[in-house]
Amino acid sequence: MNVLKLQGNPSACRTAVPRARGSCRRTGPLSGSKLEIPLWLAKGLHDSKRRIISVELPKIYKEAWRTVFSADANVVDLHKMGPYYYGFGSQLLNFDNPENPEIAQSILQTFISRFRRIMDSSQNAYNEDTSALVARLDELERALFRAGQKGLNDFQCWEKGQASQITASSLVQNYGKRKFTDMDG
Amino acid sequence: MDVEKLEEIRDRERKEDTFTPMPSPYYMELTKLLLNYASDNIPKADEIRTLVKDTWDTRIAKLRLSADSFVRQQEAHAKLDNLTLMEINTTGTFLTQALDHMYKLRTNLQPGESAHSQDF
């Protein structure tokens with residue numbers, strides 16, 4: 001389920017629209033109306049031959065925003081714009097749209113320009129509060145950030161010598177067993 | 001673990017754009033072990049620690065720079081000589097995941113593709 005919704009124009013006749021169970025009325029959205037439907041529904045209804053719906057792009061994939069991305073992709077708050085920019089954009093390419101090649105190119109270039117910053121910030125922020133750094137990243141970038149942080153943390157852990165120490169597992173600590181030192185006397 | 005030799009290695013690393021061969025493919029691990037457990041027996045242990053750390057930082061910075069230019073120019077193949085395993089491990093996971101995503105985004109550029117992956 002995606003946060004962004006698409007605008008669909010049901011342009012075929014009414015019988016093409018699925019009816020709610022139990023209702024006997026034959027009313028449904030009239031052709032030419034605009035609806036917001038989730039991505040999975042739009043994908044299911046999409047058929048280039050029957051033209052049940054046509055899709056309008058969310059504004060972040062349109063020309064205006066694409067120019068912003070090509071100018072400097074680092075300033076954009078991708079989380080606010082829809083936290084699944086890359087994933088959703090890739091799914092959008094399923095709907096035949098004349099702007100598809102530009103959209104695909106723009107998504108790729110955005111990723112490339114933001115890559116450097118993600119790499120640097122994830123590898124240099126050890127044991128700090130990273131919420132300011134990840135606030136503007138979308139979900140895919142956040143997963144990458146976490147991978148980078150994990151690599152850094154593991155390295156620091158090794159360097160401190162914690163890699164060869166035996167520590168109590170966090171699962172066991174929660175059992176609340178009495179510790180050895182508590183049992184004496 | 002000679003101070004002059006380490007200084008020389010560090011300066012050479014800073015001058016070169018590519019990676020210089022290290023005296024041992026496990027220099028980080030050896031340094032850590034020796035300095036942690038036998039620091040009294042090694043003269044100038046702190047200086048050695050600093051020198052090795054400087055060399056390490058320089059090499060990691062070069063690695064990141066080359067990873068960035070690799071992604072930026074969307075090259076298909078890169079060859080890095082004289083990297084040690086420890087350096088590869090610190091940046092490996094991140095880099096492979098990032099390249100994975102980039103690959104998926106690049107396949108989107110192919111027009112007329114009917115089999116878009118359902119799960120991203």
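Guide: Helices are DSSP runs of H or I with at least four residues, numbered from the N terminus. In this predicted model, B:Thr18 is found in the loop between H1 and H2 of chain B.

Visitor: Why is B:Thr18 called exposed?

Guide: Exposed means over 50% relative accessible area. B:Thr18 has a relative accessible area of 51%, and is therefore exposed.

Visitor: Which residues does B:Thr18 touch, not counting those up to four places away in sequence?

Guide: B:Thr18 touches B:Glu13 and B:Lys62. Contact here requires heavy atoms within 4.5 Å. As for B:Leu83, 65 residues from B:Thr18 along the chain, the C-alpha atoms of the two are separated by 10.0 Å.

Visitor: Is B:Thr58 buried or exposed, and what makes it so?

Guide: The term buried applies under 20% relative accessible area. The value for B:Thr58 is 16%, so B:Thr58 is buried. B:Thr58 lies in helix H3 (residues 45-72) of chain B. Apart from neighbours within four places in sequence, B:Thr58 is in contact with B:Glu13 and B:Arg14.

Visitor: Which residues form a nonpolar patch on the surface with B:Tyr26?

Guide: B:Leu30, B:Leu34, B:Leu85 and B:Ile88 form the patch with B:Tyr26, and together they have about 450 Å² of accessible area. Helix H2 (27-37) and helix H4 (85-107) of chain B are the elements giving two or more residues to the nonpolar patch.

Methods
Residues are numbered from 1 along each chain as its sequence is written. Chains are lettered from A and ligands numbered from 1 in the order in which they are written. This is a predicted model: local features need pLDDT of at least 70, side-chain atom pairs count only at pLDDT 80 or more; totals for chains, interfaces and linings use all residues. Side-chain values use heavy atoms; hydrogens and water are left out. Patches are made of residues with over 30% relative accessible area and no salt bridge: like charges are joined within 9 Å, nonpolar side chains (Val, Leu, Ile, Met, Phe, Trp, Tyr) within 5 Å. Accessible areas come from the Shrake-Rupley method with a 1.4 Å probe; for residues, only the protein chains shown count as cover. A salt bridge is a side-chain nitrogen of Lys or Arg within 4 Å of a carboxyl oxygen of Asp or Glu. Buried means under 20% relative accessible area, exposed over 50%, partly exposed in between (1.4 Å probe, protein chains only).
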